[in-house]
Amino acid sequence: MATTWRKIKPMGARPEILRMAGVNKVFNGQTVALQGMNLTVNEGDFISLLGPSGCGKSTALRLIAGLMHPTAGAITWAGGQEAGDLGVVFQEPTLMPWATVAHNVWLPYRLRGKSFVAVRDQIRLALKLVGLEAFEDAYPRELSGGMKMRVSIARALVTSPRLILMDEPFAALDEITRHKLNNDLLELRAKIGCTVIFVTHSVFESVFLSDRIVVMAARPGRVHRELAVDAPYPRGEDFRTSADYAALCREASGALHQAMGDAA
Amino acid sequence: MSIADPIPLLDAEEQKRARARQIDRIGRWLLPVLTIGLAILLWDRVVVWNEIPHYILPGPGLVAQTLIKDWAILFDALLVTLQITLMALAVAVAGGVGLAVLFNQSRFAEMSFYPFAVILQVTPVVSVAPLIFIYVENRMIGLLLCAWLVAFFPILSNTTLGLNSADHNLRDLFRIYGATRWQRLRYLQLPSALPYFLGGLRIAGGLSLIGAVVSEYVAGTGGIGSGLAFRILEAGYRLNIPRMFAALALIAATGVVIFAGLSFLSHALLHKWHESALKREI
Ligand SMILES: Nc1ncnc2c1ncn2[C@@H]1O[C@H](COP(=O)(O)OP(=O)(O)O)[C@@H](O)[C@H]1O
Ligand SMILES: [Mg+2]
């Protein structure tokens with residue numbers, strides 16, 4: 001992990017890192033999970049994919065992650081994709097129960113043939129960023145749900161990826177833990193300037209976190225509308241209780257209902 | 001109750017639970033020892049009260065005496081049986097894990113050869129053993145082969161199950177991070193399979209002893225290099241019932257020791273992380 005962080009540039013000045021153009025995904029020749037999806041991801045963006053379940057949010061992430069290929073359309077990385085460009089966090093912490101916290105975070109490097117000692121500093125730093133530097137030698141079962149999720153996040157950012165994909169990472173956590181992790185995620189992003197695509201079905205979460213919200217509709221899965229969240233960072237508890245936040249939530253909520261309405 | 005009142009550290013419910021835990025801990029050892037002791041005592045009394053002659057049912061005291069008196073013969077036999085058992089178990093582990101990995105890596109190999117494994121498993125070893133002893137010249141290798149046949153299947157089937165049970169999200173993660181097939185096997189599938197393998201190993205440990213004993217019954221007279229089963233047969237022909245019992249006791253004890261050893265191994269390997277080895281407080 002680099003010790004000099006990327007700086008988040010203002011919206012207009014962010015270079016493109018990934019583009020989805022007219023992406024379709026059809027399963028078993030019948031389920032249209034995604035239709036004509038266009039999305040440009042710029043460096044430093046925090047993009048939320050917001051939509052009801054079944055609208056193809058996970059499918060979009062899996063396509064970007066390269067776990068499957070589009071039926072039609074293209075996904076292109078500016079400058080090509082390299083190892084370590086991508087970090088992933090699933091809804092489950094998805095840790096290896098037989099490995100310690102540090103060894104779990106080592107995984108992306110280990111699979112690239114890097115020894116533990118060689119990337120020790122990066123692992124320490126990633127754990128420090130999520131506030132778990134004291135738990136290096138703990139096993140996952142000794143950690144709470146929120147802490148496991150933090151390990152999962154540390155593993156995703158240990159290689160300083162250009163893009164981090166998060167698929168409803170906090171959906172299974174309680175409200176208090178979720179708020180805390182939302183705050184911490186923004187702090188982390190301010191520090192290291194990472195680019196995030198964040199899947200959620202919570203309007204509040206998407207407004208609080210992102211600078212762009214992509215509202216999606218189901219059957220067939222598609223982009224309904226894109227909203228810019230025009231509120232400055234850093235955002236904390238003040239923002240959560242502000243009138244701006246309430247207005248933005250209303251707007252996003254309206255767009256979501258519209259998206260669900262024309263699906264019905 | 002005022003705020004200054006000290007909060008009792010152990011309320012009634014907690015005390016009850018602590019007591020229950022302690023009783024549990026002691027009972028785990030005491031009860032088996034007690035029931036086995038009582039059973040032996042009962043056995044002794046039945047023999048004495050009914051004046052059963054020792055060539056029909058020897059009492060526990062006589063069996064113990066025989067065990068000491070015939071120790072030289074029985075111990076040699078025990079070593080032979082133990083050797084066959086452990087070698088068969090070792091070969092079963094190598095063969096079972098090796099085949100499981102092969103089947104896991106190649107679906108065609110699995111489709112082609114899994115039926116053979118099943119056929120070998122479902123055919124009773126007593127019915128195959130006579131054939132084996134016709135074709136295999138070396139008695140030791142014949143015994144080993146029989147014991148292996150009985151023991152390898154639980155390892156194969158459990159390890160296969162374990163290799164396939166790796167968390168699917170972790171599989172995805174390994175793919176995203178560009179893991180090779182070998183890395184996925186080494187870092188994901190084998191650790192996932194470990195608890196399953198150890199479960200199979202515990203079953204196989206008992207089975208390889210059964211295999212070693214049963215096949216020796218089938219192999220019959222052996223003279224030099226004979227195991228416990230042969231000693232039981234021999235003692236039976238001579239109506240030396242106390243020695244039959246002594247040999248039987250040794251076989252049972254061996255089985256218990258093997259099971260305990262493998263259980264300990266399993267605990268040592270899993271206690272840090274696996275559900276099966278975790279203690280729940282409540
Ligand atoms: N592997 C698959 N095979 C068949 N259908 C799938 C598969 N994955 C997703 N789908 C279908 O595609 C649609 C979109 O799924 P998904 O992307 O998981 O939605 P979301 O994450 O927004 O809830 C759903 O109708 C789902 O049933
Ligand atoms: Mg989903």
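Into which domains is chain A divided? In this predicted model, chain A splits into domain 1 (17–85 + 162–263) and domain 2 (94–160). The centres of domain 1 of chain A and domain 2 of chain A, taken over C-alpha atoms, are 25 Å apart. To their contact domain 1 of chain A brings 15 residues and domain 2 of chain A brings 11 residues.

The table sets out the two interfaces.

| Interface | Area buried | Share from carbon and sulfur atoms |
|---|---|---|
| chain A and chain B | about 2,000 Å² | 68% |
| domain 1 of chain A and domain 2 of chain A | about 1,000 Å² | 74% |

Within chain A, G84(A), L181(A) and L188(A) lose the most area on the domain 1 side, together 36% of what that side buries. A salt bridge joins the side chains of D184(A) and R150(A) (2.9 Å, N to O). On the domain 1 side, β6 (163–167) and α5 (175–192) of chain A each supply at least two residues, and α5(A) gives the most, with 7 residues. That side divides into 9 nonpolar, 2 polar and 4 charged residues.

Between the chains, 22 residues of chain A are in contact with 19 residues of chain B. L67(A), W98(A) and L111(A) lose the most area in chain A, together 34% of what that side buries. The rule finds 1 salt bridge across this interface; the side chains of R62(A) and D172(B) meet in a salt bridge at 3.0 Å, N to O. β5 (86–89), α2 (101–110) and α4 (145–157) of chain A each supply at least two residues to the side that touches chain B. By class, that side of chain A has 14 nonpolar, 3 polar and 5 charged residues.

Key
Residues numbered from 1 in each chain as written. Chains lettered and ligands numbered in written order. Predicted model: local features only at pLDDT ≥ 70, side-chain atom pairs only at ≥ 80, totals over all residues. Heavy atoms only, no water. Contact = heavy atoms within 4.5 Å. Buried area = accessible area lost by both parts, 1.4 Å probe. Salt bridge = Lys/Arg side-chain N within 4 Å of Asp/Glu carboxyl O. Helix = DSSP H or I, 4+ residues; strand = E, 2+ residues; numbered from the N terminus. Nonpolar A, V, L, I, M, F, W, Y, C, P; charged D, E, K, R; others polar. Domains from an automatic or database assignment.
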